[in-house]
Amino acid sequence: MVVRVAVNGYGTIGKRVADAVAKQPDMKVVGVAKTRPSFEARVAIQRGYPLFVAAGGKVEEFGAAGLPVAGTVPEMLEVADVVVDAAPDKVGRENALLYEAAKVRAVFQGGEKADIAETSFTAGANYSAAKGKRSVRVVSCNTTGIARAVAVLDRHYGVESWDATIVRRAADPGESKKGPINGILPTFKIPSHHGPDVRTIFPHLNVQTIAVVVPTTLMHVHVNRVRLARPAQDAPELAQAFRSARRFHVFEEWEHVDGTPQVMEFARDRGAARPDMMENVLWAHGIRVDGREAHFFQAIHQESIVVPENIDAIRAMFDLAPDAEASMAITDRTLGISRS
Ligand code: NAD
């Protein structure tokens with residue numbers, strides 16, 4: 001079976017998800033939708049994706065720009081088995097009405113509240129929860145990063161509690177209207193929304209998060225303090241647990257990766273079609289273990305970490321793979337994600 005996938009909202013996440021869907025042997029892009037003509041709309045057409053006009057957009061504006069459109073979103077939904085909603089935060093809630101009317105399954109993103117879908121999702125943590133579902137929400141970039149790491153440490157040692165300080169990027173590289181460009185801004189809501197969001201995947205986890213926004217576009221960084229249920233031997237053992245898991249990249253000290261600029265330079269150097277880092281990034285020398293107490297840093301590429309998760313969500317919803325490992329293996333191979 002080849003699942004026909006539509007992408008509604010073709011920005012940072014939507015365009016990456018469309019490109020990832022196009023690489024899957026069991027999925028096909030049947031359309032992408034944008035609200036107005038732009039360079040991204042032109043690239044979508046060049047890539048061969050049928051372009052549709054999203055809610056609030058005007059067909060004639062696309063015509064005036066010389067961009068051929070295949071119709072509007074309701075027409076896109078007619079030829080789709082599932083729609084990936086990648087519209088801005090909270091807009092998915094309005095779009096959900098269109099999907100329900102068209103009786104099309106939907107994958108939402110982390111900018112929506114959890115109750116928009118039947119389950120929240122991270123492939124390495126709760127793949128089977130999405131099996132056969134009509135609506136799934138892939139959690140946000142930071143929540144995905146924490147959920148992936150919890151899944152690994154829980155498997156190896158059990159997790160008693162998790163504290164994370166999230167150092168957040170101010171904007172994505174393609175944006176020019178967000179900030180700050182000067183200063184470090186504490187998020188005064190304590191705990192930050194990420195902790196409760198992780199509990200949509202791990203309902204019983206004792207997790208606390210606190211966040212601060214800094215003037216960078218290059219990734220988020222998490223400072224994690226974890227209380228394990230069973231002691232770890234040492235930091236190299238913990239590093240190996242992450243290294244052997246899917247979607248983790250562990251840098252060694254001799255690689256001289258001082259921080260996120262070098263991580264993204266590595267992403268550019270390794271030669272993928274897009275210089276993305278879909279893995280959780282750890283530093284082997286940025287891990288400290290003292291029995292049941294573990295500290296480690298991880299960096300999260302906000303623009304791309306959720307992309308493989310969207311692919312696995314679709315595979316789970318349509319039962320295209322027997323389990324998480326089988327689905328993630330296909331996704332990782334096609335997207336060029338290798339174990340470190
Ligand atoms: P974005 O602003 O880059 O892209 C959104 C796109 O949707 C834009 O092209 C916009 O024109 C279009 N759009 C606006 N109204 C629409 C509508 N009614 N219907 C369809 N499309 C519409 O946003 P993004 O960063 O890609 O975020 C999309 C979702 O992914 C949000 O829920 C966000 O929280 C989540 N997310 C974002 C990031 C990130 O760091 N950028 C990371 C993980 C998850």
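## Where the ligand sits

The domain bounds come from an automatic or database domain assignment.

This is a predicted model: local features need pLDDT of at least 70, side-chain atom pairs count only at pLDDT 80 or more, and totals for chains, interfaces and linings use all residues. Residues are numbered from 1 along each chain as its sequence is written, and side-chain values use heavy atoms, with hydrogens and water left out.

## The shell and its contacts

Polar contacts are pairs of N or O atoms within 3.5 Å. A polar side-chain atom of Lys 34 lies 3.0 Å from a ligand oxygen. The side chain of Asn 95 places an N or O atom 3.3 Å from a ligand nitrogen. Gln 302 uses its backbone: an N or O atom there is 3.5 Å from a ligand oxygen. Alone, the ligand exposes 830 Å², and the protein buries 82% of that. Accessible areas come from the Shrake-Rupley method with a 1.4 Å probe.

## The two domains

The C-alpha centres of domain 1 and domain 2 lie 26 Å apart. Their contact (heavy atoms within 4.5 Å) takes 27 residues from domain 1 and 18 residues from domain 2.

How values were computed. A polar contact is a pair of N or O atoms within 3.5 Å; within protein, one must be able to donate a hydrogen and the other to accept it, and residues adjacent in sequence count only if both atoms are side-chain atoms.
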